[in-house]
Amino acid sequence: MPAGHLITGATGEEAAVRFLQRNGYVILEKNWRHKSYELDVVCRAPEKRKRLLGQWLGKQSSVTGELVFVEVKTRKLSAFGGLEGARAAFDKGKQNRLARAVALYLTEHDAWSEACRMDLVCVSLEDAGYKVEHYENVLDFGNAMGGGNAAWQPW
């Protein structure tokens with residue numbers, strides 16, 4: 001049987017995926033790995049104008065927005081500070097590792113020209129379910145990667 005923290009993390013990631021899907025995101029990958037690097041969720045953001053146009057035309061639009069890398073932080077409400085503890089766990093060291101993971105993903109998928117961002121989804125597990133908070137564009141990749149990125153990159 002997996003350790004308790006692994007079960008908590010998996011439960012939070014599934015809650016985050018459901019939340020993102022309900023809000024129009026298209027999930028591309030879950031738990032993407034490259035050696036010791038991992039991205040919890042890779043998805044496409046909904047592009048509001050094109051989605052609304054598709055609804056106006058009576059069609060589901062297949063056109064989506066920017067590439068979004070999502071870090072999921074899960075805590076039990078009674079332990080580790082709930083949502084505040086989850087936000088606090090997104091520290092500078094974690095941000096630097098995620099920036100490297102994103103660079104590896106973009107290289108592996110030949111996607112350096114894509115507009116992209118890093119989001120944070122915090123999940124607090126409670127007795128009666130869970131709470132989800134979604135923070136968009138939480139990482140300045142230029143600072144996390146030491147600057148000096150090409151001018152054409154969106155960060």
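The protein chain exposes about 9,000 Å², of which 51% is supplied by carbon and sulfur atoms. The structure is a predicted model. Of the 155 residues in the protein chain, 38% are buried. Five helices and five strands make up its secondary structure elements, and these follow one another from the N terminus in the order α-β-β-α-β-α-α-β-β-α. Where contacts in the protein chain link residues at least 6 apart in sequence, 59% of them join residues at least 24 apart.

Helix 4 comprises 17 residues, spanning residues 92-108. The distance from its first C-alpha to its last is 24 Å, close to the 24 Å expected at 1.5 Å a residue. Buried positions in helix 4 are Gln95, Leu98, Ala99, Ala101, Val102, Ala103, Tyr105 and Leu106. An α-helix has 3.6 residues a turn, so residues three or four places apart point the same way. Among the buried residues of helix 4 are Gln95, Leu98, Ala99 and Val102. After helix 4 comes Asp110, which has a positive phi, near 45 degrees.

Strand 3 covers residues 67-76 and includes Lys73. The relative accessible area of Lys73 is 13%; because buried denotes a value under 20%, Lys73 is classed as buried. The side chain of Lys73 is joined to that of Glu71 by a polar contact of 3.4 Å.

How values were computed:
Residues numbered from 1 in each chain as written. Predicted model: local features only at pLDDT ≥ 70, side-chain atom pairs only at ≥ 80, totals over all residues. Heavy atoms only, no water. Helix = DSSP H or I, 4+ residues; strand = E, 2+ residues; numbered from the N terminus. Expected span 1.5 Å × (residues − 1). Buried < 20%, exposed > 50% of the residue type's maximum accessible area, 1.4 Å probe, protein only. Contact = heavy atoms within 4.5 Å. Areas by Shrake-Rupley, 256 points an atom, 1.4 Å probe, with all protein chains shown as cover. Polar contact = N/O pair within 3.5 Å; in protein donor to acceptor, adjacent residues only side chain to side chain.
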